[in-house]
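Hi,

Here is the structure I promised to pass on. Have a look at it first, and then read my notes below.

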Amino acid sequence: MLLDGIVTALTGWGILATGHIASVFARDLALLSDEARLVAVGSRTLERAMAFAADHDIPRAYDSYADLAGDPDVDVIYVASSHHDHFASAKLCLEAGKSVLVEKPLTTSPDDTAELINLADERGLFLMEALWTRTNPLLRKAAALAASGELGEIRHVSANFGFAFRGPPTHRLLDPAQAGGVILDAGVYPLHMVNLFLGEPTDLFGYGSHAATGVDSHAAAVLNYPATGNRPAGTATVICSLEADLPTTLEVFGSFGRIMINDFFILPKEMLVYRGHHRDVAPEVLVTQWPGAGYTFQAQEVMRCLRAGEVESPMVPWRDSLAVSRTLALWQSVVGDPRPQREES
Ligand SMILES: NC(=O)c1ccc[n+]([C@@H]2O[C@H](COP(=O)([O-])OP(=O)(O)OC[C@H]3O[C@@H](n4cnc5c(N)ncnc54)[C@H](OP(=O)(O)O)[C@@H]3O)[C@@H](O)[C@H]2O)c1
């Protein structure tokens, strides 16, 4: 591709795992053919790898994640396996010298998240949690607006993400062995949204309930941000559910105005900005469009970082993934976490 008059090589991508989101991402990556090429896919079985490669026109299919990590033409690997596998597979790729984009949640514990970040840092390799909504132009605009002070001090953020899940108990969302549960799967989104505007809370007060398989399936929390020398006190509320269709809204309340985004997870195409009391002022309506399913922005950000030699993205920085990882663990601990812990090797 041509960048500022300089010809650069296409970024070689590998996809690790062949499930639902791997397919969605592969289709969006195909929209970026002027800067990305999908070189290889790895699966636990050759049959699935070959079927995926045929569906997405990928030249190489491997029957192991390790072989994918060893492919010399792969620059960056998108880790799209179920939660329990993120840590092991991302570590495998980093140890093989590959940059990684890892599906959310980055890992299932703050210790594992810290270990991955340290590994990427030591090796000088790119690592990013695939928190795609943080790379969406509307959400970036919202974060910049809040940071500018135009809406005053941000005093409260509310974010929800929930849906009535009808799948079988063996589905990864309900399977303890795959680190299922709503907090890790859906709760990570509202927590990242809150993190974007308020940072890491000092404490959290929460409630929740569990599915028959033992994983958490509905949870709510209030997050506390005591006043510091730089800012007044703030609060946040988050709800996530596999039991009820919640409005997937993000609302940011400042002392001079507010931001409202409906469907921040599914289709954040429109944002309302009130500069003043919402009954006194008409909202400014900001809209955006996106190609494909919305994952091109995160893929482009990964490739921008790789070209610039940056090991972490300012859109999803390591400190924020680590902070959210700690908050997820706190939320799980108050709701109860019956899942087995990863065995130490
Ligand atoms: N960004 C988003 O919008 C979004 C949306 C959905 C999901 N996600 C995230 O993406 C990840 C995958 O979700 P998904 O919906 O694509 O799940 P999925 O359809 O169940 O696919 C998961 C894949 O993980 C691999 N895997 C590794 N160990 C496994 C095990 N023990 N049991 C089952 N599969 C195993 C399998 O690939 P192989 O058989 O090929 O090895 C499987 O196809 C999750 O971490 C989820 O949080 C993100």
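The ligand lies between two domains, because domain 1 (2-132) and domain 2 (137-295 + 324-335) both give residues to the shell around it. The domain bounds come from an automatic or database domain assignment. Before you go on, note that this is a predicted model: local features need pLDDT of at least 70, side-chain atom pairs count only at pLDDT 80 or more, and totals for chains, interfaces and linings use all residues. Residues are numbered from 1 along each chain as its sequence is written.

Back to the ligand. Its shell holds 21 residues, and the closest are Ala 17, Thr 18, Gly 19, Ser 43 and Arg 44. Helices (H or I, at least four residues) and strands (E, at least two) are DSSP runs, numbered from the N terminus.

Most residues other than glycine have a negative phi, and most peptide bonds are trans. Ala 17 counts as buried because it has 25 C-beta neighbours inside 10 Å. The cut-offs, with C-beta atoms placed from the backbone, are 20 or more other C-beta atoms within 10 Å for buried, 12 or fewer for exposed, and partly exposed in between.

Ala 179 also has a positive phi, near 55°. You will find Ala 179 in the loop between strand 9 (154-162) and helix 7 (182-198), and with 24 C-beta neighbours inside 10 Å it counts as buried.

And where is the cis peptide bond? It joins Lys 104 and Pro 105, with omega about -15°. Pro 105 lies in the loop between strand 7 (99-102) and helix 5 (110-123).

The C-alpha centres of domain 1 and domain 2 are 26 Å apart. Their contact takes 18 residues from domain 1 and 16 residues from domain 2; two residues are in contact if their C-beta atoms, placed from the backbone, lie within 7 Å. On the side of domain 1 that touches domain 2, helix 1 gives the largest share, four residues.

Finally, the whole chain has nine helices and 16 strands, and buried residues make up 48% of its 345 residues.

Cheers

Technical notes: A residue is near a molecule or strand if its C-beta atom, placed from the backbone, lies within 6 Å of it.
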